[in-house]
Amino acid sequence: MDGDLDYRRIARPTQRIVTGRVVRLLDGYPRELKIGQPVLVAVVTAASVMGLLLAFRSLLSSGGGGARRTWKELRKGPEFLVTPLRLRDSNDQLCEVELHGHLAQSALHPADWVQITLKPQDPDLPPRVEQIVNLTTGQLLRPRHATLWSHLGPPLLLQAILGALLVLVVAAAILLI
């Protein structure tokens, strides 16, 4: 490894906004997003209520619908790209942060001056980049990564919303009778 990038001298910034020069973008690797089981249970249960109404339709059709994902696949969570980013801050200290998601290849280069807005993560991990202002090029960069909602997908979420509304309507009708 480069002498300039000795692990003993790499700090984790504690400020929310750090200004510095990009030293290196390391190779990215995938990380799985953790999904809370209560949220997943609520969404799948609400979707199942609506699915019961659609069961008759699916029995009559000979296919055509997409295959439903299993509980294990939903529970696993989406993977997103994590790219370690090393920079020298204004105090000439080497810092490491994590860039989650994708950016255009030409967005950051070594030696670019950047102002980075950070968000703390797990204490074992470097802070995560929320926003980058590339002062060299004048670009505002916001990396995007997979979320719980993008993992579950619009069809399942729509079905869950309709199922929850159906339960509320039936509950309201029962209470009014």
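## Overall make-up

Of the 177 residues of the chain, 34% count as buried, and the model from which this figure comes is a predicted one. The secondary structure amounts to four helices and seven strands, and these elements follow one another from the N terminus in the order β-β-α-α-β-β-β-β-β-α-α.

The chain has an accessible surface of about 11500 Å², and 61% of that surface belongs to carbon and sulfur atoms. When contacts between residues at least 6 apart in sequence are considered, 72% of them join residues at least 24 apart.

In soluble globular proteins, nonpolar side chains tend to be buried together. The largest nonpolar core here has 14 residues, of which L85, L108, I116, V129 and I132 touch the most other members. Two or more residues of this core come from each of strand 1 (17-25), strand 3 (79-89), strand 4 (94-100), strand 5 (113-119) and strand 6 (128-134), and strand 5 gives the most, with three residues.

Once neighbours within four places in sequence are left aside, I132 is in contact with L99, L103, L108, V114, Q115, I116, Q139, L140 and L141. L108 is found in the loop between strand 4 and strand 5, and at a relative accessibility of 6% L108 counts as buried, because the limit for that class is under 20%. Not counting residues up to four places away in sequence, L108 touches V22, L25, L85, L103, V114, I132, N134 and L141; of these partners, N134 is 26 residues from L108 in sequence, with 7.4 Å between the two C-alpha atoms.

The structure holds three salt bridges. In one of them the side chains of R16 and E130 meet at 3.0 Å, N to O; R16 lies in the segment before strand 1 and E130 in strand 6, so this pair ties together parts that are 114 residues apart in sequence. E130 is partly exposed, at 28% relative accessibility.

In another, the side chains of R31 and E98 meet at 2.8 Å, N to O. Since R31 belongs to strand 2 (residues 29-32) and E98 to strand 4, the pair ties together parts that are 67 residues apart in sequence. Both partners fall in the buried class, R31 with a relative accessibility of 17% and E98 with 4%. The side chain of E98 is also joined to that of Q121 by a polar contact of 2.8 Å. Leaving out residues up to four places away in sequence, E98 touches Y29, R31, V82, T83, Q121, L125, P126, P127, R128 and V129.

There is also a salt bridge between E96 and R86, whose closest N and O atoms are 3.0 Å apart. This pair links E96 in strand 4 with R86 in strand 3, ten residues apart, and E96 and R86 are both buried.

## Loop residues

Most residues other than glycine have a negative phi. A111 is found in the loop between strand 4 and strand 5 and is partly exposed, with a relative accessible area of 41%.

H102 also lies in the loop between strand 4 and strand 5, where H102 counts as exposed at 58% relative accessibility. Apart from neighbours within four places in sequence, H102 is in contact with L81, P143 and R144. H102 and V82 are 20 residues apart in sequence, and their C-alpha atoms are 8.5 Å apart in space.

## A nonpolar patch on the surface

On the surface, L158, I161, L162, L165 and L168 form a nonpolar patch, and together these residues have about 490 Å² of accessible area. One of them, L162, lies in helix 4 (residues 154-176); with a relative accessible area of 36%, L162 is partly exposed.

How values were computed:
Residues numbered from 1 in each chain as written. Predicted model: local features only at pLDDT ≥ 70, side-chain atom pairs only at ≥ 80, totals over all residues. Heavy atoms only, no water. Patch = residues over 30% accessible without salt bridge, like charges linked within 9 Å, V, L, I, M, F, W, Y side chains within 5 Å. Areas by Shrake-Rupley, 256 points an atom, 1.4 Å probe, with all protein chains shown as cover. Salt bridge = Lys/Arg side-chain N within 4 Å of Asp/Glu carboxyl O. Buried < 20%, exposed > 50% of the residue type's maximum accessible area, 1.4 Å probe, protein only. Core = buried A, V, L, I, M, F, W, Y, C linked by side-chain atoms within 4.5 Å. Contact = heavy atoms within 4.5 Å. Polar contact = N/O pair within 3.5 Å; in protein donor to acceptor, adjacent residues only side chain to side chain.
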